[in-house]
Amino acid sequence: MVPGLTVDLEAQRTCIKIPITRYNELIKAINKSNEHVLAFGACFNEAADSHLICVQGEDGQYQTQAISIHNQPRKVTGSCFFIFSSALKASAGYFAKSSIVEDGLMVQITVETMAELRRSLREMKEYTVTCGRLGQSESQELVCVQWVEEKCTVNKGVISSIDGKSMESISSTKMFQKSEYKENGKIIRWTEVFFLQRGDRPKEGTSDSAEHNRLIERIARAFCLALCPHLKLLKEDGMAKLGLRVTFESQEVGFVAGSNGQPLPAQYLDALDNMLAPVMSSRGRKRGDEPLVMELVFYILENIT
């Protein structure tokens, strides 16, 4: 599935909308696909007033239905996936054939059309497939592949605990903390990391990727250890959710910590500086490295064990 990709089914026209920012993900999927088939899952379409679903009846057979908003006309129907198959023979008498399959759309096209479609996708160009019999223009349908600006669906409404900065559209990863840090009946947990800037993020599967992950874990561990003696006071003062933003740039290596949209009081900064400075300086810099800015999220909870 390509994040943000949606399918709009309308009368005589279907629009497959691909976010411009997801070009790399799309190309990776194309490179892994069968040469005769292009299949993609689609995201839930918030702009649609109805959506295709597949329901199993009492006889065990599956039926396609469209659920819609009560008492509203159905104009745009969302689909869960689409498939382009190059199984259509040029001698079949069709430009292309489209049909609903379960809760998705299948479009049968010729081998030549598949080649043109793939080329258009690689060149980030829009492409339209005409479906219907040759010579019967009145019953033709269009399937349009479009490149669109991505609407914010990632971390919608989320703001930074440090300064109230919006985190909308900024990618993040949920974390599972291996170790627990407890003191005075409280426990601090690292739950998420936001990548504000990661031009030098290593490719998955490389040795640099493991090194990158270890660095983030060491930073999180240092933060937890530094604040462990202060967990009770922090929580009593209403600072149960904490943020740590770390910056690695050519002219700056540093951090800022906060809660409730404000920097942490000075009384905690010395402890943080003593623990974080050695970890951050150990990263070093390689020639050609680009800036890296991350924000880690922590919660102080009651230790009920």
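## A buried phenylalanine pair

Phe-82 is buried, at 5% relative accessibility. Here buried means under 20% relative accessible area, exposed means over 50%, and partly exposed lies in between (1.4 Å probe, protein chains only). Phe-84 is buried too, with a relative accessible area of 2%.

This is a predicted model: local features need pLDDT of at least 70, side-chain atom pairs count only at pLDDT 80 or more, and totals for chains, interfaces and linings use all residues. Residues are numbered from 1 along each chain as its sequence is written, and side-chain values use heavy atoms, with hydrogens and water left out.

## Aromatic pairs

The whole structure contains four aromatic pairs. Rings of Phe, Tyr and Trp (its six-membered ring) pair if their centres lie within 6.5 Å; planes under 30 degrees apart count as stacked, over 60 as edge-to-face and the rest as tilted. One of the pairs joins Tyr-23 and Trp-147: the ring centres are 5.9 Å apart and the planes stand at 45 degrees, so this pair is tilted. The pair links distant parts of the chain, 124 residues apart. Tyr-23 belongs to helix 1 (residues 23-32) and Trp-147 to strand 11 (residues 141-148). Helices (H or I, at least four residues) and strands (E, at least two) are DSSP runs, numbered from the N terminus. Tyr-23 is partly exposed, at 24% relative accessibility. Trp-147 is buried, with a relative accessible area of 9%.

The rings of Phe-82 and Phe-84 have centres 5.6 Å apart and planes at 75 degrees, so they form an edge-to-face pair. Ring pairs also bring in Phe-40, giving a cluster of Phe-40, Phe-82 and Phe-84.

## A lysine over a tyrosine

The charged end of Lys-97 sits over the ring of Tyr-94, 4.9 Å from the ring centre. The criterion is NZ of Lys or CZ of Arg within 6 Å of the ring centre and within 35 degrees of the ring normal.

## The cavity

The structure has one cavity of 30 Å³ or more. A cavity is a set of points, on a 1 Å grid over the protein atoms alone, where a 1.4 Å probe fits but cannot get out; lining residues have an atom within 4 Å of a point. The largest cavity has a volume of about 50 Å³. That volume is the space filled by probe spheres set on the points, which are joined across faces, edges and corners.

The lining includes Phe-40, Phe-82 and Phe-84. Ile-16, Ile-18, Leu-117 and Leu-121 are also among the lining residues. Strand 2 (13-19), strand 3 (37-41), strand 7 (81-85) and helix 2 (111-122) each give two or more residues to this lining. The lining holds 10 nonpolar residues, no polar and no charged. Nonpolar covers Ala, Val, Leu, Ile, Met, Phe, Trp, Tyr, Cys and Pro; charged covers Asp, Glu, Lys and Arg; the others, Gly among them, are polar.

## Positive phi in two loops

Most residues other than glycine have a negative phi. Gln-12 has a positive phi of about 65 degrees. Gln-12 lies in the loop between strand 1 (6-10) and strand 2, and is partly exposed at 42% relative accessibility.

Asn-184 also has a positive phi, near 55 degrees. Its loop runs between strand 13 (181-183) and strand 14 (186-198). Asn-184 is partly exposed, with a relative accessible area of 48%.

## Domains

The protein chain is assigned domain 1 (6-148) and domain 2 (172-302). The bounds come from an automatic or database domain assignment. Taken over C-alpha atoms, the centres of domain 1 and domain 2 are 44 Å apart.

Conventions:
On a 1 Å grid over the protein atoms alone, a cavity is a set of points where a 1.4 Å probe fits but cannot get out, and a pocket is an open set with protein on both sides within 12 Å along at least five of seven lines; lining residues have an atom within 4 Å of a point.
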